[in-house]
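Subject: Structure handover

Hello,

Here is the structure for your review. Notes on what turned up follow below it.

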Amino acid sequence: MDPVAPAVLASWTLDLKVVCLLLAVAVLYLRGWLRLRSELPRKYTTGRLLAFAGGFLAVLLALASPVDAFGGFLLQAHMIQHLLLIMVAPPLLLLGQPVLPLLRGLPQFVFKDALGPFLSCRELRRFGRAIVHPIVSWLALASVIVVWHMPRFYELALQSQAWHQAEHACFFWSAVMFWWPVIGVWPSHPVWPRWAMIPYLALADLVNTGLSAVLTFSDHVLYPTYQLAPRLWGISALADQAAAGAIMWVPGSIAFLVPAMILGMRAIEPARVRPIQLTAAPRVRAPLSSPRAPWDLLRTPLLGSILRYRNFRRYVQAGMLLLAIAVVADGLFGPQIAPMNLAGVLPWTHWRGLAVIALLMAGNLFCMACPFTLPRDFARKLVSPRYRWPRQLRSKWIAAALLAAYLWAYEAFAPWDSPRLTAWTILGYFITAFAVDSVFKGASFCKYVCPIGQFHFVHSLLSPLQVKVREPAVCGSCHTHDCIRGNEQQRGCELNLFQPKKLGNFDCTFCLDCVQACPQKNVGILPVLPGESLRHDGRASGIGRLQRRPDVAALVLILVFGAFVNAAGMTEPVMMWMHHWHGRLELRSMVPIVTVMYAGGLLIIPMISASACGWVSQRWAQASSTWKDLTCSFALALAPIGFAMWLAHFTNHLVAGWSTAIPAIERFMRIHSGGYPPASIPSWLPSVEFLFLDLGLLATLYTAWRVACRVAGGGRRALRVMSPWGILTGALYAAGLWIVFQPMQMRGTMMMH
């Protein structure tokens, strides 16, 4: 070890003045807290005391621990010291609500006789309100951080102990001013509304990010003192400076953005106002447990409590939003090499694979965690949309067209190989969701526009869990219908799904708003037989009769045939065929070839095959149902074989390329672990893919048989009705087997298997 290091580690600079001052403040706070604890127990909790103690400890670590001594040798240690004084100690101390405890901790004569006249002085109180005004406090911290990090002033602090102490005082007290309006220190009154603290914190993070970027990416040492100081552990001055910039960047951004996220969650929450009960309506509460009560995921001991937590979805969405921001930032500004970029790996390999596995194991978890609707939920706190979605467009035709365009664009423009294009696609998604839902009421984007949402809506029909009513008899006595109408504490279902008349998961985003809104707690996440709603022709709330909707049938056919076309486009024979025609026709790009392939695979072949099967079914069985109704009903029955292909395809990429995220994340976070496992194909993976296809084949044939029995009444007539669709299902199954056997391009890893 460097001989300087042990000496530095042992150098606790316990300045007597600083220690005495800190201890005096701590004693005063504790004394005042004990008095106020008995008077205001809900205001001055143990958590307040622990927060103040944490802030006290942060100050002690910053000023008296070896961090202070290391600051003269390592810029990164100096940066940790500054973070403790700016982003850790002040907010923790203010969370302890220290004003009244410190005043009450003083002796009575000091509080009344010495400080009383000053505390009652209007000019001083006006001055106090002015220095913690958000504009003043933001400018104070921003200017202090910028000025003291200029080389001239930073060197001045390093060369002079007095100026060093002045620097620390500026950091600490400007941070106290900055965090004051964010935390809302009692008994002061807020000047701005709470939501205004979100841009307040975000703008501060921009300043912090700018300074961090200068330190991290500078090609020369900015502070000469560190170039002349002894180098500990072989760290060069430039590497030390880059590490200091990273420390300022990542923890600093977290310190600003996490409070902003929490404030955003609280701003989105509806105000908890106790509704006025005009009449005493009987409340029939669903029993928490009974011998005949159905199993409910929301009633499980630990996971159920987490899912029922009022802000659970918001926190998950916020986490996904932060991840989306990281993916977009890396896609726009990171290296344009897909396997080394978050935008080239996470959306196309990991997110898709995890989404289909979630659909198989549970349900529509992606829509529950979807970050695209979070900005519009916050915007609706400021401006409410005025219009309803046009009646003529209340169908899935727009979403189906967008889904087909998305599948075509995936192959035509290769966003999986262009991180920047992926980033712009995600940004476009955010902008479109925000624009649509800022104009139209409800979840119009989710229900009528979002192509990703339609993928999950259709395939969640095959999921084993469903948001549904626990006890139908309880709903029979309900007259408020809060699950769809909402109440003063919680909004109802934005997709107009009335729980007592809801069938299946179609159009359900698993937002759990109905769970929170139901006053009887009679809505849960219950087990169902996968695909049950595909086999029945019942009328469901918000969606009507699925088997009578051509738009839904078209959507399902695009998804089913799209699964095979998308996977086939990555196989070696299809790629060679495309390149053959590209060269033979002497085309400048592959777009015309891809367009022909997808026009045939997504539109022409599905339309011809489904129409022909529907016509044959009606002719052979002489069924009473119309050709259109037969085609729509049996088209939905194809959903399992399509989902099986998506599952086999995406699972292949996820299992084979799970480690591709490691180098991209390490590069993004500027760390290196010393190695990671290469992408590889496990020997058992093809067997799992075949199993998925086998299950998809059986589920489709069983669903088609149940539909045929419903239409034709069973027996040979039902078999004749089903037979053309069975042939089509067999053809799709054979295509899936052929795809699995072919060498496939592992996009994101450039590996073939």
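**A helix end and its contacts**

Ile183 lies in helix H12 (residues 161-183). Helices here are DSSP runs of H or I with at least four residues, strands are E runs of at least two, and both are numbered from the N terminus. Ile183 touches Pro91, Leu94, Leu95, Gln97 and Arg194, leaving out residues up to four places away in sequence. Contact means heavy atoms within 4.5 Å. Ile183 and Pro91 are 92 residues apart in sequence, yet 7.4 Å apart in space, C-alpha to C-alpha.

**Ground rules**

This is a predicted model: local features need pLDDT of at least 70, side-chain atom pairs count only at pLDDT 80 or more, and totals for chains, interfaces and linings use all residues. Residues are numbered from 1 along each chain as its sequence is written, and side-chain values use heavy atoms, with hydrogens and water left out.

**Overall**

The protein has 35 helices and four strands. Buried residues make up 49% of its 753 residues. Buried means under 20% relative accessible area, exposed means over 50%, and partly exposed is in between (1.4 Å probe, protein chains only). Take the contacts in the protein with a separation of 6 or more: residues 24 or more positions apart account for 78% of them.

**Aromatic pairs**

A search of the whole structure finds 23 aromatic pairs. One of them is Trp351 with Phe366, an edge-to-face pair at 5.1 Å centre to centre and 65° between the planes. Trp351 sits in helix H18 (residues 342-361) and Phe366 in helix H19 (residues 365-369), so the pair ties together parts 15 residues apart in sequence. Trp351 is partly exposed, at 25% relative accessibility. Phe366 is buried, at 11%.

Trp408 and Phe413 have ring centres 5.3 Å apart and planes at 85°, so this pair is edge-to-face. The criteria: rings of Phe, Tyr and Trp (its six-membered ring) pair if their centres lie within 6.5 Å; planes under 30 degrees apart are stacked, over 60 edge-to-face, and the rest tilted. Trp408 is partly exposed, with a relative accessible area of 24%. Phe413 is partly exposed too, at 46% relative accessibility.

There is also an aromatic cluster. Phe178, Trp179, Tyr200 and Phe256 form it.

**H17 against H18**

Helix H17 (residues 312-333) packs on H18 at an angle of about 135°, with the axes 8 Å apart. That makes H17 oblique to H18. Axes are lines fitted to C-alpha atoms, for helices over the stretch in contact, and angles run from 0 to 180 degrees between N-to-C directions. Under 35 degrees is roughly parallel, over 145 roughly antiparallel, 65 to 115 roughly perpendicular, and the rest oblique.

From H17, the residues in contact are Leu323, Ala326, Val327, Asp330 and Gly331. They meet Leu342, Ala343, Leu346 and Pro347 in H18. By class, that contact has seven nonpolar, one polar and one charged residues. Ala, Val, Leu, Ile, Met, Phe, Trp, Tyr, Cys and Pro count as nonpolar; Asp, Glu, Lys and Arg as charged; the others, Gly among them, as polar.

**Strands E1 and E2**

Strand E1 (residues 465-469) and strand E2 (residues 523-527) pair in the antiparallel sense over five bridges. Two strands pair if DSSP finds at least two bridges between them. Gln466 stands opposite Leu526 in E2. Lys468 has Gly524 as its bridge partner in E2. E1 is mostly covered, with four of its five residues buried. E2 is mostly covered as well: four of its five residues are buried.

**Positive phi in a loop**

Asn496 lies in the loop between helix H26 (482-485) and helix H27 (513-517). Its phi is near 60°, a positive value in a residue other than glycine. Asn496 is partly exposed, at 47% relative accessibility.

Asp507 is found in the loop between H26 and H27. Phi of Asp507 is near 70°, again positive in a residue other than glycine. Asp507 is buried, with a relative accessible area of 1%.

**An enclosed helix**

Helix H31 (residues 627-637) has nine of its eleven residues buried, so it is largely enclosed by the rest of the structure. The buried residues include Asp629, Cys632, Phe634 and Leu636.

Best regards
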